[in-house]
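Thanks for asking me to look this one over. Here are my notes, with the cut-offs spelled out where they matter.

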Amino acid sequence: ASSFSFLPVKGATEWCLVSDSELATYLGTDTSERRNRLAHTLDAARISLRPARLCAVDTPLGEALRMLDGFPRPLLVCRKEGEQQSLVGIITPFDLL
């Protein structure tokens, strides 16, 4: 099983992160209200998009670890395709244990 504290989201111009805790709180536990809220955009839900740090697929692990140091969110592993950054993975400190 996988567990993430943040979920990657493509913002208007860049990759961002959404807190799974904030999302779960917004959705709530009432089944009918939850279904309704699932149809809302993140903007409509007023859920914060947090800045993400990106690293390339060929970033050495030591460098990725330094990028994570003091940063409370995971790194997004991306591959540059033209002008776009395609998400290919996520690195958390746990992954580097």
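The points below cover the conventions, then the sheet, then the cores.

1. Please keep in mind that this is a predicted model, in which local features need pLDDT of at least 70 and side-chain atom pairs count only at pLDDT 80 or more, while totals for chains, interfaces and linings use all residues. Residues are numbered from 1 along each chain as its sequence is written, and side-chain values use heavy atoms, with hydrogens and water left out.

2. Three strands form an open sheet in the order 1-2-3, with antiparallel pairing; strands are DSSP runs of E with at least two residues, helices runs of H or I with at least four, both numbered from the N terminus. Pairing requires at least two DSSP bridges between two strands. Strand 1 (6-10) and strand 3 (50-51) are the edge strands, each pairing on one side only.

3. Strand 1 and strand 2 (residues 15-19) run antiparallel and are joined by five bridges. F6 has S19 in strand 2 as its bridge partner.

4. The largest nonpolar core has seven residues: C55, A64, M67, L68, L75, V77 and I91. Such a core is a set of buried Ala, Val, Leu, Ile, Met, Phe, Trp, Tyr and Cys residues joined through side-chain atoms within 4.5 Å, where buried means under 20% relative accessible area (1.4 Å probe, protein chains only). Helix 4 (61-68) and strand 5 (75-81) each give two or more residues to this core, and helix 4 gives the most, with three.

5. A second, separate core has six residues, including V9, Y26, A45 and I47.

Terms used: Buried < 20%, exposed > 50% of the residue type's maximum accessible area, 1.4 Å probe, protein only.
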